[in-house]
Every structure is written in C-alpha cells, then in structure tokens.
Amino acid sequence: MKAVKPECAYKWEEDQGDWRLGKVERGDGLHVVALDCGAKHNILRNLTERGVKVTVLPPDTTAEEILMLRPDGLFVSNGPGDPAALDYAVKPLKGVIGKVPIFGICLGHQLLGRAIGATTFKLKFGHRGGNQPVKNLDTGRVEITSQNHGFAVEEKSLEAAGGVITHINLNDNTVEGFRHKSLPIFSVQYHPEASPGPHDAAYLFDAFMEMMKTGKPPTGQRLAELQALRE
C-alpha cells in the first residue's frame, strides 16, 4: 500500500458529472475525511456528488490529526495489500472509533474489521471481476458487484467483536459487508462505485450520508428503503 498512498493531504472536488445518478441523499455542509489507501477516483466522486467537502489524507495519518480536522465522517478506501500487515493503517482507526462515523470499502472494510477486533485471512480463490453475486442479508436481494481482492474478514471473530454481517458472497459464503451493532460503523468488501449492476449498491453512499447526520449505524430496514430508491 505504501507504493500507492499519497504523500500528503489533498482536497477532492470533482463530482460524477454526466454520470450522476439523479436523486441522492445529500450531505451538504458535512465534511468527510477520506483515508486514501489507493482510492479509486469514482469513490471520491460519489462522495462529492452528495455535496460534502472531501479532504483526503494518507492512511498512516494519526488519529489526532484526523480529529483535528473535525470531520463529520471518515471514509476508508480500497487499496492493495494484506490487511494483517498494515497495522500502521489500523492504528488511526482504533483511535477514532466511537468518535466519528466510519464507512469502508474493500481494503477499508478489512482494516475496519481488524480495528474493531476481528481477524482476516487469505482467500483460497480471490474475488476478481465485475460479476460477483453478493446477497444483502437485510433485504434478501442479490447485488451484482465488482471485486478485486484476495483477503476477507473472518466471520466468527467479526461477530464476537460486535459486527453484524450484512452481506455475503454467494460463491463461497464469505463476509462481504458488516455494520457494528452499536457504533456508527459499516463497510462492504466490494466496489459500490463500479456500478456493474448498474447501480445496485449506490445506496451505500446514501447510507453513509445518513449515518453522519444521525450518528448511528444504518438499520437493515433503512438500508432496504435506500436500496429501493435505486429501482
């Protein structure tokens, strides 16, 4: 990950332009700090599209430096590497858990899992491509997702750490998403910004906007409602 992380903080202001979805949950006036572990630009565009101010930081930024920016929410991006070898990226997350709502994608999902006390492991067969079926356990619906990763969060350790599993991969039943049962934290293993469904998972960005306003993890019922708005 050190090969792709930014050397310093930067602002992100580009939205989705002609590719915007239309009606989205707005976060006007909110400030999102994004930890860039190798972030895909379309993830940052999805955040800006919802009207938030986005400040991007390297993943080895300290918890104190994050909190000094007084963010309304923290986003943890995708990126390469074994999450078990990235303690420098897990440490700041441990320092801000419970102090700011957090949303993670891909590697960010794995780092958040480890930050709350779960373990990760290497998959026998990595998940690659734009046709990975993921079941949303809250809604019963299947999302066609884009994925590119070789590690996963271990289910039992995640539940023991307070995680509620929200999504599973239908090919191997591994964890594809979780929310914390009491803290404002949720994440997914796949890439909702890639839109292979075409917009099956865009509701997750809307859920992040709401979580920043409420300070509470999204309920299964609310995730179902937000997903229905994409139909």
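The questions below go from the whole chain to single strands, helices and residues.

Modeller: This is a predicted model, in which local features need pLDDT of at least 70 and side-chain atom pairs count only at pLDDT 80 or more, while totals for chains, interfaces and linings use all residues. Residues are numbered from 1 along each chain as its sequence is written, and side-chain values use heavy atoms, with hydrogens and water left out.

Biologist: How many helices and strands does the secondary structure of the protein chain come to?

Modeller: Helices (H or I, at least four residues) and strands (E, at least two) are DSSP runs, numbered from the N terminus. By that count the protein chain has seven helices and ten strands.

Biologist: What percentage of the residues of the protein chain count as buried?

Modeller: Buried means under 20% relative accessible area, exposed over 50%, and partly exposed in between, with a 1.4 Å probe and protein chains only. The protein chain has 231 residues, and the buried share is 55%.

Biologist: What is the order of the strands in the open sheet?

Modeller: Two strands pair if DSSP finds at least two bridges between them. The sheet has ten strands with mixed pairing. The edge strands, which pair on one side only, are β1 (10–12) and β7 (142–153). The order is β1-β3-β2-β4-β5-β10-β9-β8-β6-β7.

Biologist: Over how many bridges do β4 and strand β5 pair?

Modeller: In general, strands of a sheet pair through backbone hydrogen bonds, either parallel or antiparallel. Leu74 has Ile102 in β5 as its bridge partner. Strand β4 and strand β5 (residues 102–105) pair in the parallel sense, and the number of bridges is three.

Biologist: Which residue in β4 is the bridge partner of Leu35?

Modeller: Strands β2 and β4 pair in the parallel sense over four bridges. Strand β2 covers residues 31–35, and β4 covers residues 73–76. The bridge partner of Leu35 is Val76.

Biologist: Which residues point the other way from Gly73 and Phe75 in strand β4?

Modeller: The four residues of this strand are divided between two directions, and all are buried. Gly73 and Phe75 point one way; the other way point Leu74 and Val76.

Biologist: How many of the ten residues of helix α4 are buried?

Modeller: Helix α4 (residues 107–116) is mostly covered. The buried residues include Leu107, His109 and Ile116. Just after the helix, Gly117 takes a positive phi of about 120°.

Biologist: With which side chain does the side chain of Ser187 make a polar contact?

Modeller: A polar contact is a pair of N or O atoms within 3.5 Å; within protein, one must be able to donate a hydrogen and the other to accept it, and residues adjacent in sequence count only if both atoms are side-chain atoms. Ser187 lies in strand β10 (residues 185–188) and counts as buried because its relative accessibility is 1%. At 2.8 Å, the partner of the Ser187 side chain is that of His109.

Biologist: Why does Ala224 count as partly exposed?

Modeller: Ala224 is placed in helix α7 (residues 220–228). Ala224 and Thr139 are 85 residues apart in sequence, but 5.5 Å apart in space, C-alpha to C-alpha. Ala224 counts as partly exposed because its relative accessibility is 28%.
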